[in-house]
Every structure is written in C-alpha cells, then in structure tokens.
Amino acid sequence: MSISTTSWNIAIAGGGLIGGILFDVTGTGSFPITIILLMTIALLIAFSNKKYAFPSSK
C-alpha cells in the first residue's frame, strides 16, 4: 500500500514540476499539445494491454 501512495505522490509532484517548467518556458500555449500527447500515449498503453487488464467475461 505504501508503494502505491508513494507512486501517486511522485506522479503528482512530477506533473507539477513539468507543468511549471512548461509554463515558465513556453507559457500556456503548450498545455493543449502536451495534454493531447499524454492522452494519446495513455490510450495506446490501455488498448495494447486490454487483453490483460480488461479480460472479457466469457
């Protein structure tokens, strides 16, 4: 359980750090592109692993 909590905290801190750097360097214009890129990566991972993560109930 503690590993899960630590992973979430690291992800939140990393997102804040990367978001702050993006905001400082490029402004808010890079946020939509970054969000679309991250969502696309997440969808590709989910669809490529749906056989294992979401087994059918046959």
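Modeller: In this predicted model, a residue is called buried if its relative accessible area is under 20%, exposed if over 50%, and partly exposed in between. By that cut-off, 3% of the 58 residues of the chain count as buried.

Biologist: Why is Val25 called exposed?

Modeller: Val25 has a relative accessible area of 64%, and the cut-off for exposed is over 50%, so Val25 is exposed. Val25 lies in helix H1.

Biologist: What makes Gly19 partly exposed rather than buried?

Modeller: The relative accessible area of Gly19 is 23%. Buried requires under 20% and exposed requires over 50%, therefore Gly19 is partly exposed. Gly19, too, lies in helix H1.

Biologist: Why is Ile18 called exposed?

Modeller: Ile18 has a value of 52% relative accessible area. The limit is over 50%, so Ile18 counts as exposed. Ile18 is placed in helix H1. From Ile18 to Pro55, 37 residues along the chain, the C-alpha separation is 34 Å.

Biologist: Which residues make the nonpolar surface patch?

Modeller: Leu17, Ile18, Ile21 and Val25 make the patch, which covers about 420 Å². A patch residue needs over 30% relative accessible area; Val25 has 64% and Ile18 has 52%.

Biologist: How many helices and strands does the chain have?

Modeller: The chain has 3 helices and 0 strands, in the order α-α-α from the N terminus.

Biologist: How do you know that the chain is more spread out than a compact globule?

Modeller: The radius of gyration is 16 Å, while the globule rule gives 10 Å for 58 residues; the value is well over the rule, so the chain is more spread out than a compact globule. Along the principal axes, the C-alpha atoms fill a box of roughly 50 × 30 × 10 Å.

Biologist: Which residues does UniProt list under "transmembrane region"?

Modeller: The unreviewed UniProt entry lists residues 7-23 and 29-48. Such annotations may be inferred rather than shown by experiment. In the model, residues 7-23 are 100% helix and 0% strand, with end C-alpha atoms 24 Å apart. Residues 29-48 are 90% helix and 0% strand, and their end C-alpha atoms are 30 Å apart.

Biologist: Where is confidence lowest, and where is it highest?

Modeller: Confidence is lowest in helix H3, residues 50-53, with a mean pLDDT of 74, and highest in helix H1, residues 2-26, at 92. The average over the chain is 87, and 97% of the residues score at least 70. Where pLDDT is low, predicted coordinates should not be read in detail.

Technical notes:
Residues numbered from 1 in each chain as written. Predicted model: local features only at pLDDT ≥ 70, side-chain atom pairs only at ≥ 80, totals over all residues. Heavy atoms only, no water. Helix = DSSP H or I, 4+ residues; strand = E, 2+ residues; numbered from the N terminus. Rg over C-alpha atoms; globule rule 2.2 N^0.38 Å. Buried < 20%, exposed > 50% of the residue type's maximum accessible area, 1.4 Å probe, protein only. pLDDT = per-residue confidence, 0-100. Patch = residues over 30% accessible without salt bridge, like charges linked within 9 Å, V, L, I, M, F, W, Y side chains within 5 Å. Areas by Shrake-Rupley, 256 points an atom, 1.4 Å probe, with all protein chains shown as cover. Salt bridge = Lys/Arg side-chain N within 4 Å of Asp/Glu carboxyl O.
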